Amino acid sequence: MSKWGVVVLQLAKVALWYVGGLLAIGGISAAASLLRPDLPDSGWAPPPPITTTRTESPTAATPPRELPPGFPSMERAPLPPEVPEGQPQPVPTRFGLTYTTPAGWFGQGQSVMGWRSRDGAAMVIGSASAFGKEYCEADDTSMLAAVGITGRPTGDLLTVAAHEVRAVEWMYSDDGRLPTINYSDPVHFEIAGNPAVRLTALVSDIPPTDECDPPAARLDVVATTGLATAEVAVFVVRADRGVAGQLDDSSIDDLVASLRRS
C-alpha cells in the first residue's frame, strides 16, 4: 500500500484535497439507453435558485446508522484489477458497485477527494479518479474532472440526490459572490436491477479567485441502492467547463453508464 499524502487545490472558495492510497476500482458498461430522461416526476421541482451562500453543508456527515442484519460491509474497497497500459480501468468500490474510467485518467480509484468551503461545508468521495491532471500550469494540483462515490443512510433516492447536488451552491461561491446554477429534471434508470436517479447541476458565472478557476462547471449526482457498506450509494462526477481539453458530456454519460454490480 502506498504512503498517504495530501495535496490542496483551491477551486474558487472551495479547497479540493487529494489523498493517495489503495481504495477501489471497476469495469463493463450499462446500456446508454438507461440514461434517457423520463418525464419529470409529478410534482417535481428542481431545487430553488440560491439567493445567498449556504452556511450549512448539504453533504454534512450523517450520524452512522446501524445496517440491517446480514448487510455486507467493507472497510476498504477491493484492489483494482491490473489492466494492460492504455486500456480502460475498472474501479470497484466498497459499496458493491464498480465503474470504469478510460485510459489516461489518474488516481484510478485509489484516492479520496473532497471539496471544503471556508465555512466548513464539505463533500468527500472515495474510490476516486481524476482527469486532466495539471491542466493549468499555474497549479500543479489542477484537474479537469473528478469522479468517485460515497454512501448515505437509507432514504428516498430523489431526495438524497437533490440534497447532494446542491453542494454546487457553496463549491462555486466566494465571499457572497454567487454563480448561476441550473438544475436538471431527474433521470430515472436502473443499476444492477435496482432503481437509480440522476441529477445534474450546470454552473456558470463562477466568481474567479485565481487564474486556474474555471468559468463554468457541472456536477452529476447519481443516487442508487448500495449493495454493501451503506444502503444508499452516491456516485459523483465533477467537471470543469469553458476550459481547453474539458471532459465532454458523452464521457460523463459513459462514466454513469459504466456503474454496475461489482
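User: Which strands form the open sheet, and in what order?
Analyst: Three strands make up that open sheet, in the order β3-β4-β13, with antiparallel pairing. Strands here are DSSP E runs of at least two residues, helices are H or I runs of at least four, and both are numbered from the N terminus. Two strands pair if DSSP finds at least two bridges between them.

User: Before we go on, what should I know about the model and the numbering?
Analyst: It's a predicted model, where local features need pLDDT of at least 70 and side-chain atom pairs count only at pLDDT 80 or more, while totals for chains, interfaces and linings use all residues. Residues are numbered from 1 along each chain as its sequence is written, and side-chain values use heavy atoms, with hydrogens and water left out.

User: Ok, back to the strands. How many bridges hold β3 and β4 together?
Analyst: Four bridges, in the antiparallel sense. Within that pairing, Pro90 sits opposite Thr100 of β4.

User: What about β6, which strands does it pair with?
Analyst: Strand β5 (residues 111-116) runs antiparallel to β6 and is joined to it by four bridges. Strand β7 (residues 145-152) also pairs with β6 in the antiparallel sense, over four bridges. For landmarks, Trp115 stands opposite Met123 in β6, and Phe131 has Ala145 in β7 as its bridge partner.

User: How many residues of β6 are buried?
Analyst: Seven of the ten residues in β6 (residues 122-131) are buried, so the strand is largely enclosed by the rest of the structure. Buried means under 20% relative accessible area, exposed means over 50%, and partly exposed is in between, using a 1.4 Å probe and protein chains only.

User: Switching to helix α3, which of its residues are buried?
Analyst: In α3 (residues 249-257), those are Ile252, Leu255, Val256 and Ala257.

User: And what do they pack against?
Analyst: The buried residues of α3 pack against β4 (97-101), β9 (187-191), β10, β11 and β12 (232-241). Contact means heavy atoms within 4.5 Å.

User: Now the charges. How many salt bridges are there?
Analyst: The structure holds nine. The criterion is a side-chain nitrogen of Lys or Arg within 4 Å of a carboxyl oxygen of Asp or Glu.

User: Take Asp174 and Arg177: is each one buried or partly exposed?
Analyst: Asp174 is buried at 4% relative accessibility, while Arg177 is partly exposed at 38%. Their side chains meet in a salt bridge, 2.9 Å from N to O.

User: What does Asp220 pair with?
Analyst: Asp220 forms a salt bridge with Arg198, with the closest N and O atoms 3.0 Å apart. That pair links distant parts of the chain, 22 residues apart: Asp220 is in strand β11 (residues 216-225) and Arg198 in strand β10. Both Asp220 and Arg198 are buried.

User: And Asp249, what's its partner?
Analyst: Asp249 pairs with Arg241 in a salt bridge, the closest N and O atoms being 2.8 Å apart. Shared partners join Arg198, Arg218, Asp220, Arg241, Asp249 and Asp253 into one salt-bridge network.

User: Why does Arg241 count as buried?
Analyst: Because its relative accessible area is 12%. Asp249, at 41% relative accessibility, counts as partly exposed.

User: Last one: where is Asn194, and what does it touch?
Analyst: Asn194 lies in strand β10 (residues 194-204) and counts as buried at 18% relative accessibility. Leaving out residues up to four places away in sequence, Asn194 touches Phe189, Thr224, Thr225, Leu227 and Arg261.
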